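Me: I would like to go through the charged side-chain pairs of this protein with you, one question at a time. Could we begin once the structure is in view?

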Amino acid sequence: MLTPKCSRLSLFPCSYPLLCSPLTVSSTGSAIFQRQTLLFARFRRVLPLKLSKCVYSFGYLGVSGRRSGDSMDSFRGHSTNRLVPVSSMEDTQDSDKSAAPPLEDDETSVYNGYRLPPIDIRNIVDAPPTPALSFSPNRDKILFLKRRALPPLSELARPEKKLAGIRIDGNCNTRSRMSFYTGIGIHKLMEDDTLGPEIEVFGFPDGAKINFISWSRDGRHLSFTIRFDLEDNTSSKLSLWVADVETGQARPLFTTSEIYVNAIFDNFVWIDESTLVVCTIPLSRGEPPKKPLIPSGPKIQSNEDKNVVQVRTYQDLLKDEYDADLFDYYATTQLLWVKLDGTTKAIGPPAIYTSINPSPDNKYLIVTSIHRPYSFIVPCGRFPKKVEVWTSDGKFVREICDLPLAENIPIAFNSVRKGMRSINWRSDKPSSLYWAETQDGGDAKVDVSPRDIIYTQSAEPKLGEEPEVLHKLDLRFGGISWGDDSLALVYESWYKTRRTRTWVISPADRGEGARILFDRSSEDVYSDPGSPMLRRTLLGTYVLANIKKQDGSTYLLLNGDGATPEGNVPFLDLLNINTSEKERIWESDKEKYYQSVSALMSDQCDGDLELNKLKILFSKESKTENPQFFLQSWPDQRITQITNFPHPYPQLSNLQKEMIRYKRKDGVQLTATLYLPPGYDAAKDGPLPTLVWSYPGEFKSKDAASQVRGSPNEFAGIGPTSPLLWLVRGFAILSGPTIPIIGEGDEEANDRYVEQLVASAEAAVDEVVRRGVTHPNKIAIGGHSYGAFMTANLLAHAPHLFCCGIARSGAYNRTLTPFGFQNEERTLWETTKTYIEMSPFMLANKIKKPILLVHGEEDNNSGTLTMQSERFFNALKGHGSLCRLVLLPYESHGYNSRESIMHLLFETDRWLDKFCVNSPDSTTDPKSCGEMEKAAGEDKFVLVGKGGSSNPEEDSEHDSFYSMPRSSL
């Protein structure tokens, strides 16, 4: 597939190409920050002198319009995300063509253009993705939803509006960066459980991008939106289509081409078999508001009332009234009631509707909207929210609540918004509401009993009818699984203690006789009884599936992961709700395969399900066999395979995988998955360079932290940025070694973060070295997000363990996230020492091992601003560390485009080859150690940098940790 070339537009005449590469800045160990820079130093990203062979023009697309004669000061502070990529890739899918012709890996070319990783990595990344599956309400048909490979960068480069915590594509009036399907295939499920021939949905033009696929309640129709790429690298607006499932014929739903879906929040919902409510762009909407040339006044925020408002580092927030007007413009929706024959009428006034939820009997709608006043410090999910009940044809019934702006929700976990929340329909009743209300003001630090109360009420209560109390909880409400008037399961949990409880209640008795069914720690996976499976009712809702035996006794059906010390063994259990006795009726194979139940397929009728008519859908996979789907029917346990997806990367079909176990020095049992290349023999081939990839987790007990999670028989799924890609490059991969950070009792986990982090890493390294598969001096460490934070900390505190590091989209200075991060709910001012000690930024002068920093320029994840990597790089370079920073234009927290991902893999492969594969075999090699001299007044050695040497080994800094025995600090 050819990728459209980006336009060479510039706002001033220029014959040079615009920026066509990720921004890469590198430091090769020079102890002094280089000030001999290009003219581009006025930008906040400084480009080294080695970029002098690459010519850029600073033309801006759609910004201030300054000409080439303007002062360079006018561009100061602008990010390179406004530089337009030009012709970055010709053919993004052909592995023999690239973003730019393959360049020689010399000291100049590694700064120029998008690069490609080796062909064996590219072949895996470019493998066609497996279709997604969707089953009809009656379980008699299956959709195969076809997907494409990685999108081109040109799609990410489209303009987007960053408003109220969300990103909007203004051209198609949707969230930006949406993935999509390229086609829909329909298969009938035959009586013998085999699949009939595929019926391809047709009728829409070629090149359509398909989103929001939904079955009608009777399963006879599909609804979905389509959009198209336009010639100017924008996207068309969303049009709503319907397809006949029997024939595959698709057609536009609206008879006029002027009605488009507004999918900023909700999009559309089926009311019954032939009626939908659709969120549309108001026909009266004009052009977007124009930004005033002169602001009406300064931007002012005030806290003169001395309110305590603590919020995490949210991004893409509203900045001024112009942003608020833009948010209104794009998010305002006109609801339309539409029949399959094209009959249409507007219901309700235009507003920012965030969800439309029909009642089970199709008579009512729960309509949720947000409104002003907005906030400049929290995203739209905390804006004032109104919840109303309408009839299904749009007549107002009553207001349930109108919640005020919620800027001051405490940052402690389990804190919630004041007032009514989790407002929904009972799935076992035609039109009964339920909701929860906090009794602690939403503040988890307030000790009160009860903490939450669950209420229920009819959609149209009689005059004077008050809501009824259904149940009271001392922990935080977590949801309800409805059965009938005699049975419902209520869930509550508390993060601080990891406690989770399941209650059995009788809704008809309003909670009288309620009892606890399960009371356990959410961390204790060995005690997890599983989750109750749900069946579909004739009204299209889902309720608890009661399984009836021939003797008339009934049971709940529990679907569990089956965690054991040998790995997960998924199961189905019958649970007697009265005696709590269990009977296992299905279990995964333990020896070779991993099997997991995906869906209940025999739920087409109301009432109890007979055990001897039970049918389930399950997946089956092994270490080397990719997942396939099967149907299994009772009573004869007949199994039928319904998919036969090809192996996505046959070159790795014989990879070696083992779940290994080892202990940390404090006795905590740890696990990891060790992958080895196909055909590898430790006795013959010797130790391998190894890439360790992980992500720390917090626990309240050593016992829970020691439990095994995952299965040794699961298929090795390899995503486009997976570390497992380096199996084809001859690496051993230690994937997901558990790094538990434990805080027992009143102790917080992060109080001993560094100590436990290093101890876990030491134990993992010692184990793979002991096995003889890993070269002790050729071990790289890497991670994404909090795993990147881990990587930098390990290079700072345990450089004796690793030869280099790869850190993607991380946060390195915790003082920039002062109101909590990850699972830390204390503020910087409450535990300043913890914040400082956990920040690798504060130890930039201690990091001497090569570290590759990668970050998306448009990262919108809370806490991981792109600035985190930029400032960390500058700190490292300011101390002469060997480091490299790669900023990927238009990418967010995760990376999406083929150009960016291929370049990321190129950078990673180059780094591993240079500083892991070719790292010195012995730390006593004088050529590898550089010139060491004793620091005055200190009992350690420091390296005198070579400063400008072209030999990376000579530029590497090797401090005294290289010759030290492994220890925690």
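Predicted model: local features only at pLDDT ≥ 70, side-chain atom pairs only at ≥ 80, totals over all residues.

Me: Which residue forms a salt bridge with Arg 167 with the closest N and O atoms 2.6 Å apart?
Reply: A salt bridge here requires a side-chain nitrogen of Lys or Arg within 4 Å of a carboxyl oxygen of Asp or Glu. Glu 160 is paired with Arg 167, but its closest N and O atoms are 3.9 Å apart. The partner with the closest N and O atoms at 2.6 Å is Asp 316.

Me: How many residues apart in sequence are the parts that Asp 316 and Arg 167 tie together?
Reply: Asp 316 lies in the loop between strand 14 (275–280) and helix 3 (321–331), whereas Arg 167 belongs to strand 5 (residues 166–169), so the parts this pair ties together are separated in sequence by 149 residues.
Asp 316 itself has a relative accessibility of 13% and therefore counts as buried, the cut-off being under 20%.

Me: Is Glu 160 buried or exposed?
Reply: Buried means under 20% relative accessible area. Because the relative accessible area of Glu 160 is 18%, this residue is buried.

Me: In which strand is the Asp 452 that pairs with Arg 476?
Reply: The closest N and O atoms of this salt bridge are 3.1 Å apart, and both Arg 476 and Asp 452 are buried. Arg 476 is in strand 24 (residues 476–484), and its partner, 24 residues apart, is in strand 22 (residues 452–458).

Methods:
Residues numbered from 1 in each chain as written. Heavy atoms only, no water. Buried < 20%, exposed > 50% of the residue type's maximum accessible area, 1.4 Å probe, protein only. Helix = DSSP H or I, 4+ residues; strand = E, 2+ residues; numbered from the N terminus.
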